[in-house]
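Keep the viewer open while you read.

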Amino acid sequence: MRPISRRNAVLLGGLGTAAAVAGGAGLWWSLNSPQQPTAVGGNSGGNGGGAAPAPGAELRDPAELRSANGRLELTLDAAPGRVELGGRQARALCYNGTVPGPTLRLRPGDELNVRLVNGLNEPTNLHVHGLHVSPQADADNVFIAVLPGQGFDYRYRLPSDHPPGVYWYHPHHHGMVADQIFAGLFGAIIVEDPETIPVSTERVLLVSDTTLDSAGNIAAVSPMERMAGREGELLLLNGQSNPLLTAQPGTRERWRIINTCVGRFLRLRLDGQQLQLLGMDSGRSPEPETVDELLLAPGNRADLLVTAAAGEAVLQALPYDRGGMPGMMGQGLFPGSGAGALATFRVSGASATPPGAVMSRPAQEDLRTAAVAARRQLVLSMGAGQGMRGGGMGGMMRFTINGREYSEARTDTTVAAGTVEEWTLVNTSPMDHPFHLHVWPMQLINDNGRAVGPVVMRDVVNVRANGRATVRIAFRDFSGRSVYHCHILDHEDLGMMGVIEVR
Ligand code: C2O
Ligand code: CU
């Protein structure tokens, strides 16, 4: 276990008491035992890390809407609906009646017009996660609140040099983000490549998790789960439990994987198959990179080539230690974060003719050689909050950046438009925090003491428990107010978010 400060130890001792009386939640923590990896998914429909589970139905693809002549126009109805989740009838929140919502396929230079209609009984809004578009007015403006029964017309214009890649959309109304995504509000956005990449099949794979009560409603979440960053009992791929994907040996597929989970990290493996990473988050590396494991923090995406080899492989999420609140039952809260089977990949039949080569891309710009206009430090902390001092129960921890909880009215960081800055993200807490900045992608320079080799662009950078990361950001193309926050969206809702203004 990581060393913890005396102050935290006292504080977390108080939390331990809360855990002990939390009933069902306490049971759930004891299920997540690091000594028994096969029990880790015990709350995920029995699809733990042990023997390969029986695959479910064929994978369903979300509906797709594709831009034509430089534009895509659509209506997104956010409303409660009855859908099947993990083989169960559920009452969830849907975009256009489905979970996930439709996939939006765009090209650089496109205009995207979305009419969001709020059929919920609470406010919502829309964020296009990772897109390099304006944060102002009717574009990617998270300060807009769309009230129940109302609609809003969003207009986004992608620059003509917008990086290709995998993006996604989800609500961003502060205080309700985690609940609305957990209930089913998310969908994929693909920005197509300028050149074709020869593949037999392209799949959009949205990973989510949620918990249903016995009536099929989305289960309520305790304050403890919010502080930890909830992990749902059902681990889903396009709303299905362990769906079946089939292919012929020798074919090359392209998988666009999105981690839409509120708090769950995905350490992914597909043993026995050849995996090549084209990119993560925004942009593509010049050459596909051979990998055997991928870590997707909440919010991250992977653009992956899979060359099929005969046999049956399980796309698995392996346990990942994202820290937690030590002192609670003598262990971290989620010692085996994410574990479970996500899909079964069945490869059989005649061998296909080998696919054509993947063209290399020009090298990405490297901000390590850029002139830095400002250096900043952002400190991500968890500390005692109201009603918690002295080990009191019923209170919430404070989730802060530079000591402050989110306030929409306050601008925390002011940046000169057109400049490059270097930010050091410091995590003083015993839990990982995946840091997300809207609009402007970050180049990872140093990851917890390790200098990064080739150019790595991310819009979610995981800052390890008691660790740090350094990034450089080019504040180009757009000005205006936007936000950065922890993408464990419970933490964001609890205040771990700040306002940036570029001007
Ligand atoms: Cu995917 Cu500000 O979030
Ligand atoms: Cu966090």
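Asp-477 is exposed, with a relative accessible area of 56% (buried means under 20% relative accessible area, exposed over 50%, partly exposed in between, using a 1.4 Å probe and protein chains only). This residue sits in the loop between β30 (468-474) and β31 (480-486); helices (H or I, at least four residues) and strands (E, at least two) are DSSP runs, numbered from the N terminus. Asp-477 isn't a glycine, yet its phi is positive, at about 75°.

Asn-448 gives you another case: its phi is near 55°, again positive in a residue other than glycine. Look for Asn-448 in the loop between β26 (442-447) and β27 (450-451). With a relative accessible area of 39%, Asn-448 is partly exposed.

Residues are numbered from 1 along each chain as its sequence is written, and chains are lettered from A and ligands numbered from 1 in the order in which they are written.

The chain has a mean pLDDT of 88, and 85% of its residues reach 70 or more (pLDDT is the predictor's confidence in each residue, from 0 to 100). Residues 1-50 are another story: pLDDT stays under 50 there, and the model has 80 contacts for this stretch beyond four places in sequence (contact means heavy atoms within 4.5 Å). Where pLDDT is low, the predicted coordinates should not be read in detail.

As for disulfides, a search of the whole structure finds 0 (a disulfide is a pair of cysteine sulfur atoms within 2.5 Å).

## A five-stranded open sheet

One open sheet has 5 strands in the order β23-β32-β31-β25-β29, with mixed pairing (two strands pair if DSSP finds at least two bridges between them). β23 (413-415) and β29 (460-463) stand at the edges with a single partner strand each, so one side of each has no neighbour in the sheet. On average, neighbouring strands of this sheet are turned by 25° against each other, direction ignored (axes are lines fitted to C-alpha atoms, for helices over the stretch in contact, and angles run from 0 to 180 degrees between N-to-C directions).

Val-415 is the residue opposite Val-502 in β32.

## A four-stranded open sheet

Another open sheet has 4 strands, ordered β3-β2-β5-β7, again with mixed pairing. Its edges are β3 (88-95) and β7 (151-157), each with a single partner strand, so one side of each is left without a neighbour in the sheet. β2 (residues 71-85) pairs with β3 in the antiparallel sense over 8 bridges, and Ala-78 stands opposite Tyr-95 in β3.

Follow the chain into the loop between β3 and β4 and you reach Pro-100. The peptide bond from Val-99 to Pro-100 is cis, with omega near -5°.

## Around β4

In β4 (residues 103-106), Thr-103 and Arg-105 point one way, Leu-104 and Leu-106 the other, and all are buried. In a regular strand the side chains alternate between the two faces of the sheet. β4 runs parallel to β1 (residues 64-66), joined by 3 bridges, with Arg-66 opposite Arg-105. β4 also pairs in the parallel sense with β9 (residues 187-191) over 3 bridges, where Leu-106 stands opposite Val-191.

## A buried arginine

Arg-230 lies in the loop between α4 (223-228) and β11 (234-237). Despite that loop position, Arg-230 is buried, at 1% relative accessible area. Not counting residues up to four places away in sequence, Arg-230 touches several residues, including Asp-179, Glu-225, Arg-264 and Asp-490.

Terms used:
Side-chain values use heavy atoms; hydrogens and water are left out.
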